[in-house]
Amino acid sequence: KQILQKHGYVSNAFVFIQKNTLPDVRYSKFEFDADSKKISLGAEAKGYAAMAQQRQILIDNPAISSAAIGDFNLDKTGKVLFSVDLIFNPSLLTSQ
């Protein structure tokens, strides 16, 4: 029973990201480290305003213990490319 209680449900992270992503933001890379409960994402937003709104949504969410946004670049079409590193609170990844 203890093993099952400590088992991580990475699917919870996918559901979280789906529910907490703005329509003007999409992700192109997904890396998950179960030990640190960290997800690294490559992201693209239609503009700086959408990126800033997405950042605030992540920072304000109690399921996230740490959110870092960085590596800002503009592509040729004017979209903002950036990286997102999220560390989840353990309860999100251990509950069904």
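**View 1. The largest nonpolar core of the predicted model.** In this predicted model, the largest nonpolar core comprises 18 residues, among which Phe-16, Phe-82, Val-84, Leu-86 and Phe-88 touch the most other members. Two or more residues are given to this core by each of the elements α2, β2 (38–45), α3 and β4, and it is β4 that gives the most, with 5 residues. As a general background to such a view, nonpolar side chains in soluble globular proteins tend to be buried together.

**View 2. The surroundings of Leu-86.** Leu-86 is one of the residues that touch the most other members of the largest nonpolar core. When residues up to four places away in sequence are not counted, Leu-86 touches Lys-37, Lys-38, Ile-39, Leu-41, Leu-58, Ile-64, Ser-66 and Ala-67.

**View 3. The stacked pair of Phe-14 and Phe-30.** The structure holds 2 aromatic pairs, and in one of them the rings of Phe-14 and Phe-30 have their centres 4.6 Å apart and their planes at 25°, so that the pair is classed as stacked, the cut-off being under 30 degrees. This pair links distant parts of the chain, with Phe-14 in helix α2 (residues 10–19) and Phe-30 in strand β1 (residues 25–33), 16 residues apart. Phe-14 counts as partly exposed at a relative accessibility of 45%, and Phe-30 is likewise partly exposed, with a relative accessible area of 31%.

**View 4. The edge-to-face pair of Phe-16 and Phe-88.** Phe-16 and Phe-88 form an aromatic pair with an edge-to-face arrangement, in which the distance is 5.3 Å centre to centre and the angle between the planes is 90°. Distant parts of the chain are linked here too, Phe-16 lying in helix α2 and Phe-88 in strand β4 (residues 80–88), 72 residues apart. Phe-16 and Phe-88 are both buried, and both are listed among the residues that touch the most other members of the largest nonpolar core.

View 5. An α-helix has 3.6 residues a turn, so residues three or four places apart point the same way.

Methods: Residues numbered from 1 in each chain as written. Predicted model: local features only at pLDDT ≥ 70, side-chain atom pairs only at ≥ 80, totals over all residues. Heavy atoms only, no water. Phe/Tyr/Trp six-rings, centres within 6.5 Å; stacked < 30°, edge-to-face > 60°. Helix = DSSP H or I, 4+ residues; strand = E, 2+ residues; numbered from the N terminus. Buried < 20%, exposed > 50% of the residue type's maximum accessible area, 1.4 Å probe, protein only. Core = buried A, V, L, I, M, F, W, Y, C linked by side-chain atoms within 4.5 Å. Contact = heavy atoms within 4.5 Å.
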